[in-house]
Amino acid sequence: MKFQQQFQQKQQQQQSQRLAMTQELQQSIQILQYNTEELWRFVAEKSLENPLLEVQEESNVAALASSAPAGDSQTYLSQIPDQHGSLFESLIEQIHLNYRDTELRRLVLYLVEFVDLNGYLTTTLEEAQKQTGATPIQMLDALTLLQQLDPAGVGARSLQESLMLQTERDQQAPELAYIILEEDFEPFVQRKWPEIAKKYQIDLPQVQLIFDYVRSLSPAPGAAFGAPEGLYIVPDLTLLDTPEGWQLRSNRRSMPNVKLQSRYFEKMSQTNDPEVQKYLKEKKQEFDWITKTIEQRGDTIMRVGQAILERQPNFFAETTRPLKPMQLKEIAEELGLHESTISRAVNGKYLETPFGVYELRSFFTHASGGEDLSVDTTRQALQELIDAENKQKPLSDQKIVELLATKGIELSRRTVAKYRDQLHIPSSSKRKRFE
């Protein structure tokens with residue numbers, strides 16, 4: 001028996017196209033997506049790697065102040081948030097200033113370790129007793145001292161307790177506010193006001209007054225200490241109202257000022273070492289690429305901003321700031337760019353106008369309730385109806401549907417409810433006021 005083995009070799013060619021994403025292309029895309037702060041950070045890191053690249057050390061705020069009209073620098077500087085310590089640091093300082101060095105102060109310092117950024121105590125007194133060896137009375141005394149510190153409400157173990165602490169220290173609080181929070185918190189927040197009014201022998205407008213007061217209190221008394229520092233927005237574009245009409249300008253001074261270390265480059269160019277020459281060539285190419293990419297980023301944002309200005313004239317002309325439906329792909333087609341490029345150019349980029357600062361992304365909306373109405377316009381119409389309603393007889397969602405229809409806005413009741421939620425507007429039963 002013969003066993004024959006056949007070995008066949010086949011050659012097959014297959015042609016396909018692939019876009020090779022080079023590192024430079026990837027970084028170019030990333031640079032367009034950067035906001036101002038991220039762009040400065042990127043260039044600063046590159047300057048540490050590239051001896052030819054020099055970044056002018058100029059803060060964004062200083063740059064904006066120098067570019068503002070004479071006398072306006074104080075306006076820019078006044079928008080910088082005050083620098084303050086953390087809630088933890090504030091509490092520690094108060095404890096050392098107000099309480100003598102005793103065992104009780106040691107217990108208060110222990111509890112501070114468990115106060116979160118919102119000002120709430122995140123451990124139980126029972127657990128604290130086990131860890132410190134203190135008695136229940138000592139632990140309760142320590143909690144009392146902690147809750148006497150500022151801000152009012154700090155050290156609370158629940159929202160109810162926080163509101164009670166704030167009310168207790170407020171001389172202007174309504175007379176029954178504290179006792180209602182203590183004895184009837186659940187029915188109070190669930191708006192079971194008739195039974196509360198009956199129990200305390202007061203009328204519904206008085207309950208409404210107490211409710212309005214409680215809403216003015218802070219649900220997170222420590223949150224003010226945790227506010228992020230970089231709250232100042234550096235706009236990429238500025239819109240000026242001139243006699244010739246709206247003029248859009250790029251805030252070039254908010255962009256990194258990249259310069260070539262020419263003396264170093266010339267000095268190193270004179271060496272005959274091939275390794276040095278190769279290194280120098282690579283770093284010079286990188287410098288050229290960075291400067292070109294930053295310039296392209298600014299030009300792209302400027303072109304997109306100009307397109308927005310031309311397509312949304314009513315927003316800039318009317319005080320109600322109406323927006324027409326506009327999608328990313330429309331601007332992409334107009335400018336001959338990819339839709340993803342437009343998306344990167346508007347995210348985290350801001351336009352400064354005489355009436356406020358707006359993210360470029362906010363100008364893009366889709367149609368709702370008709371081809372000529374944007375979602376923002378529809379929401380605004382809904383908000384206006386609710387603002388003008390009789391608060392003692394709030395509009396139901398169905399009534400809102402009917403009233404919007406008279407304005408040419410056709411929506412379902414479910415859509416109205418969705419828009420209400422997005423605008424943080426409660427239902428009609430919870431909007432009712434007793435006055």
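**Reading the helices**

Modeller: Let's begin with helix H13, residues 204–215: this predicted model gives it 12 residues and 16 Å from first C-alpha to last, close to the 16 Å expected at 1.5 Å a residue.

Colleague: What makes residues of H13 count as buried, and which ones are they?
Modeller: Buried means under 20% relative accessible area. In H13, Val207, Gln208, Ile210, Phe211, Tyr213 and Val214 are buried, so each of these falls under that 20% cut-off.

Colleague: And what do those buried residues pack against?
Modeller: Four helices: H9 (159–168), H10 (177–183), H11 (185–189) and H12 (193–200).

Colleague: Now, why is H15 called roughly perpendicular to H18?
Modeller: The axes of H15 (residues 274–311) and H18 (residues 339–346) come within 10 Å and cross at roughly 95°. Angles from 65 to 115 degrees count as roughly perpendicular, so H15 is roughly perpendicular to H18. On the H15 side, Thr300, Ile301 and Val304 make the contact; H18 brings Thr341, Ile342, Ala345 and Val346.

Colleague: What classes of residue make up that contact of H15 with H18?
Modeller: There are 5 nonpolar residues, 2 polar ones and no charged ones.

Colleague: How do you know which parts to read with care?
Modeller: Check the pLDDT: the chain averages 81, and 83% of the residues score at least 70. Over residues 16–21, though, it stays under 50, and the model has 3 contacts for them beyond four places in sequence. Residues 227–231 are also below 50, with 3 contacts beyond near neighbours in sequence. Where pLDDT is low, the predicted coordinates should not be read in detail.

Technical notes. Residues numbered from 1 in each chain as written. Predicted model: local features only at pLDDT ≥ 70, side-chain atom pairs only at ≥ 80, totals over all residues. Heavy atoms only, no water. pLDDT = per-residue confidence, 0-100. Contact = heavy atoms within 4.5 Å. Axes fitted to C-alpha atoms, helices over the stretch in contact; angles between N-to-C directions. Helix = DSSP H or I, 4+ residues; strand = E, 2+ residues; numbered from the N terminus. Parallel < 35°, antiparallel > 145°, perpendicular 65-115°, else oblique. Nonpolar A, V, L, I, M, F, W, Y, C, P; charged D, E, K, R; others polar. Expected span 1.5 Å × (residues − 1). Buried < 20%, exposed > 50% of the residue type's maximum accessible area, 1.4 Å probe, protein only.
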